[in-house]
Amino acid sequence: MEYFSEPLKIIYEEFQKHPQARIVDYYKLFFQGSYGPSHYIKNKEASKNYIEKELEKVSLVFPKQIFRNISFLSPFYRIDLQLLILYDVSIEEFNELFFRSSLKKIKINKEKWLVEWKKIERLIVTEKIPIPDLKADIKKLDRRLAMGEIVFSHSSEYHIHHQPHYRIIHSQYIPFLKEKASVKTEA
């Protein structure tokens with residue numbers, strides 16, 4: 001299977017940025033870098049409302065990486081919601097790109113995905129990435145995967161330490177957002 005980015009590069013970058021991340025957070029990262037946000041959006045208006053509510057929780061902490069390439073089996077980015085605060089990007093246009101990203105046809109079946117995930121999991125173990133409670137958490141994750149679950153939330157530790165506020169956007173829309181971010185909002 002062709003990768004957009006090498007798994008080991010993504011793993012090491014994640015460890016550098018989020019050292020408290022658990023194995024489920026790595027799973028979520030690679031899942032998002034493969035499937036994008038298609039599992040996330042049910043209704044465009046509800047999505048916009050949720051972004052508005054979430055923006056109230058976003059703190060401006062620097063340095064923060066606004067554009068994070070998480071492309072693995074598909075070309076997707078995590079875009080920090082600080083983009084909407086710091087630059088001239090409206091919630092409406094951002095939500096539209098998020099919605100369009102969710103409509104991208106992803107041709108990765110569950111079986112292929114689980115094979116790819118097992119390769120990633122082995123890399124993490126082989127490379128001795130010091131993820132907290134790794135062995136116990138792998139067992140828990142594997143049990144849930146065996147029961148048919150494939151979509152997971154971030155760990156509580158990830159929420160506490162990293163306060164994630166982002167959306168997954170297809171790489172096709174990144175040049176537009178980067179152009180908007182290159183022009184500071186007038187005060």
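Buried means under 20% relative accessible area, exposed means over 50%, and partly exposed lies in between (1.4 Å probe, protein chains only). Keep that for the first stop.

This is a predicted model: local features need pLDDT of at least 70, side-chain atom pairs count only at pLDDT 80 or more, and totals for chains, interfaces and linings use all residues. Residues are numbered from 1 along each chain as its sequence is written, and side-chain values use heavy atoms, with hydrogens and water left out.

**Stop 1: a loop**

Select K128. K128 sits in the loop between α6 and α7 (134–146). Helices are DSSP runs (H or I, at least four residues), as are strands (E, at least two), numbered from the N terminus. Is K128 buried or exposed? K128 is exposed, because its relative accessible area is 69%. Its phi is near 55°, a positive value in a residue other than glycine. Now pick D133, found in the loop between α6 and α7. Phi of D133 is near 50°, again positive in a residue other than glycine. Most residues other than glycine have a negative phi.

**Stop 2: two helices**

Select helix α2 (residues 23–35) and helix α6 (residues 110–126). They pack at an angle of about 135°, with their axes 11 Å apart. Axes are lines fitted to C-alpha atoms, for helices over the stretch in contact, and angles run from 0 to 180 degrees between N-to-C directions. That angle makes α2 oblique to α6. Angles under 35 degrees count as roughly parallel, over 145 as roughly antiparallel, 65 to 115 as roughly perpendicular and the rest as oblique.

Show the side chains next. Contact means heavy atoms within 4.5 Å. From α2, the contact uses I23, Y26, Y27, F30, F31, S34 and Y35. From α6 come K110, W113, W117, I120 and I124.

**Stop 3: the sheet**

Move to the strands. An open sheet of 3 strands runs in the order β1-β2-β3, with antiparallel pairing. Two strands pair if DSSP finds at least two bridges between them. Which strands are at the edges? They are β1 (67–69) and β3 (166–170), each pairing on one side only. The twist averages 30° from one strand to the next.

Select strand β2 (residues 76–80). Strands β2 and β3 pair in the antiparallel sense over 5 bridges. Find R78: it stands opposite I168 in β3.

**Stop 4: helices on the sheet**

Finish with helix α9 (residues 174–181). Helix α9 lies across β1, β2 and β3, and runs at about 155° to β1.
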